[in-house]
Amino acid sequence: MNLYERIPNNVNLSEDKKLQRALEKWLPNYLDWWQEMGPDGFQEKGVYLRTAISVEPDGWANFDFVKMPDYRWGIFLKPAEPDAKIGFGDYYGQPAYQEVPGEFRNSLRRIIVTQGDTEPASVEQQRELGKTCPSLYDLRNLFQVNVEEGRHLWAMVYLLQRYFGRDGRDEADALLERRSGNPDKPRILEAFNQPCDDWLNFFCFTMFTDRDGKYQLSALAESGFEPLARTCQFMLTEEAHHMFVGDTGLNRVVKRTAQLMKEGDVRELGGIPLDIIQKHINFWFSYSLDLFGGEISSNSADFFAAGLKGRYKEQEQYQDHIVAEQNFTMKVVEDGQLKDREVAMRNALNEVLRTEYVRDCEKGLARWNKSLADEGISERLFLPSSRFHRHLGEYAGHHFDIEGNLISAEEFERRKAEWLPTMADREYVRSLMHPVVEPGKIANWIAPPATGIKGKPFEFEYVRL
Ligand SMILES: [Fe+2]
Ligand SMILES: [Fe+2]
């Protein structure tokens, strides 16, 4: 097999011998990791997958049956814009960085490693899910997400190996050594160490945690370090499907629950009660909020000043790309009370990005509530306050109820079973997870999708078992 066949790319890999050697060395370790930590038990099965083989409109979504280890993890950057400029911060208007600027080398490496670490982590978290899939359609979607997260790891490893020399290669190796949830060598971010071992968790994860990814990638897609910007721009095309899986997956669970509510007791009928769904939303939403970092952050100011990480849709949404004068008012805890505090906007950019994210999540909630309304159910789902159940930032170390009111640790302890999944809730959900693998069949706790993949019907044999 020639190089392009093995590693499809648009980065002239065949002409860069040093990079080629580094990637060729990394590839077998990656495949070992995939076998050890990728989807358990399905490596030899044909899966109807989308593969990116070029960045052209007809090349980035090639559908065919592929065994996952034979999936071609390619390296694609959105084509370069001539004379790209740094779009924000202290170097606004200067030529974009084509190589790593020495003074920002550590920051940039940290940004790339942190993003890169989430990609294999999610594959590890989802490793066992195939065994309890609600349908072949869902099984296929799980594997699609998994191989693309694998490709996203490749994308970040490419940047590390191409632009960071020796320490980049070491970081690339370390990305294959950490393990989700392992106390000795955990993944970097906490949401990526949480178990994701049933499909309700999986749909919440792809809805809320992959959506954090969308906002991080969008902010990096603005980066003045052009290779990173172009990499992230291409990753975002794939990320949309991951959020689709979560959003529509939850919608289908909600719809099925609503149908069962009309028939009788949801539990007796083998569905997932609405309050358990709500608790899972609360859990994953709050962990995903932490991924944006502290509300007040000198890192966010430094990354913006350096032109490394912008705001969501920096060019489209904003006129002022320097942001030296503006302030941002947020609520913080002071003397046991919530008080307004004004901070320099550059120090509040994590919170600005988080606010965009919350708005996006709300659209999902509106869709699910519409499904409840369509089924004639009057209950509604909601997002908790973004202060609720936080482990990082201004609200960590304090306790809030679901509406964001400050409460005591004792009250939180007493009421947390109302708000967060209990062991019994988790066990109940797990008790419903039995594999359904006959084409056209679906588990009882979820509604079938409105349409199939790539014009194929739901009944299509998406995975050949
Ligand atoms: Fe990803
Ligand atoms: Fe993703």
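This is a predicted model: local features need pLDDT of at least 70, side-chain atom pairs count only at pLDDT 80 or more; totals for chains, interfaces and linings use all residues.
Visitor: Which residues coordinate the iron ion (ligand 2)?
Guide: The iron ion (ligand 2) is held by Glu149 (OE), Asp210 (OD), Glu239 (OE) and His242 (ND1), at 1.8 to 2.1 Å. Along the chain, these donors follow the spacing E-x60-D-x28-E-x2-H.

Visitor: And what is the geometry of that site?
Guide: The site of the iron ion (ligand 2) is irregular, with angles of 90 to 172° among its 4 donor atoms.

Visitor: What about the iron ion (ligand 1), which residues coordinate that?
Guide: Its donors are Glu119 (OE), Glu149 (OE) and His152 (ND1), at 2.0 to 2.2 Å. The spacing of these donors along the chain is E-x29-E-x2-H.

Visitor: Are glutamate 149 and glutamate 239 buried or exposed?
Guide: Both glutamate 149 and glutamate 239 are buried. Histidine 152 is buried as well.

Visitor: How far apart are glutamate 149 and histidine 152 in helix 4?
Guide: They are 3 residues apart in helix 4, so about one helical turn separates glutamate 149 from histidine 152.

Visitor: Where does glutamate 148 lie, and what does that residue touch?
Guide: Glutamate 148 lies in helix 4. Leaving aside residues up to four places away in sequence, glutamate 148 touches Arg50, Tyr71, Glu238 and His242. Glutamate 148 counts as buried because its relative accessibility is 0%.

Visitor: Changing topic: which residues of helix 13 are buried?
Guide: In helix 13 (residues 423–432), the buried residues include Asp425, Arg426, Tyr428, Val429 and Leu432. They cover an arc of only 160° around the axis, which puts them on the same side of helix 13.

Visitor: And which residues are on the other side of helix 13?
Guide: Met423 and Ala424 are on the other side of helix 13, where they are exposed.

Visitor: What do the buried residues of helix 13 pack against?
Guide: They pack against helix 6 (199–220) and helix 8 (274–290). One of the buried residues, arginine 426, lies over the face of phenylalanine 283, at 4.9 Å from the ring centre.

Visitor: Where does the charged end of lysine 456 sit?
Guide: The charged end of lysine 456 is over the ring of phenylalanine 460, 5.3 Å from its centre.

Visitor: On to the aromatic rings: how many aromatic pairs are there?
Guide: Counting rings whose centres lie within 6.5 Å, the total comes to 40 aromatic pairs. In one of them, tryptophan 26 and tyrosine 30 have ring centres 5.2 Å apart and planes at 25°, so the pair is stacked. Both tryptophan 26 and tyrosine 30 are buried.

Visitor: What about tyrosine 48 and tyrosine 462?
Guide: Tyrosine 48 and tyrosine 462 form a tilted aromatic pair, 6.3 Å centre to centre with 55° between the planes. Tyrosine 48 lies in strand 1 (residues 46–51) and tyrosine 462 in the loop between helix 13 and strand 7 (463–464), so the pair ties together parts that are 414 residues apart in sequence. Tyrosine 48 is buried, with a relative accessible area of 7%, and tyrosine 462 is buried at 0%.

Visitor: Finally, which residues form one aromatic cluster?
Guide: Trp26, Tyr30, Trp33, Trp34, Tyr71, Trp73 and Trp154 form one aromatic cluster. Among them, Tyr71 is also touched by glutamate 148.

Notes:
Residues are numbered from 1 along each chain as its sequence is written. Chains are lettered from A and ligands numbered from 1 in the order in which they are written. Side-chain values use heavy atoms; hydrogens and water are left out. Donors are N, O and S atoms within 2.8 Å of the metal (3.2 Å for Na, K and Ca); water is not among the atoms, so sites may look incomplete. Four donors count as tetrahedral if all angles lie between 85 and 135 degrees; four count as square planar and six as octahedral if opposite donors are over 155 degrees apart and all others between 65 and 115; anything else is irregular. Buried means under 20% relative accessible area, exposed over 50%, partly exposed in between (1.4 Å probe, protein chains only). Helices (H or I, at least four residues) and strands (E, at least two) are DSSP runs, numbered from the N terminus. Contact means heavy atoms within 4.5 Å. The arc is that of the directions from the helix axis to the C-beta atoms. Rings of Phe, Tyr and Trp (its six-membered ring) pair if their centres lie within 6.5 Å; planes under 30 degrees apart count as stacked, over 60 as edge-to-face and the rest as tilted. A charge sits over a ring if NZ of Lys or CZ of Arg is within 6 Å of the ring centre and within 35 degrees of the ring normal.
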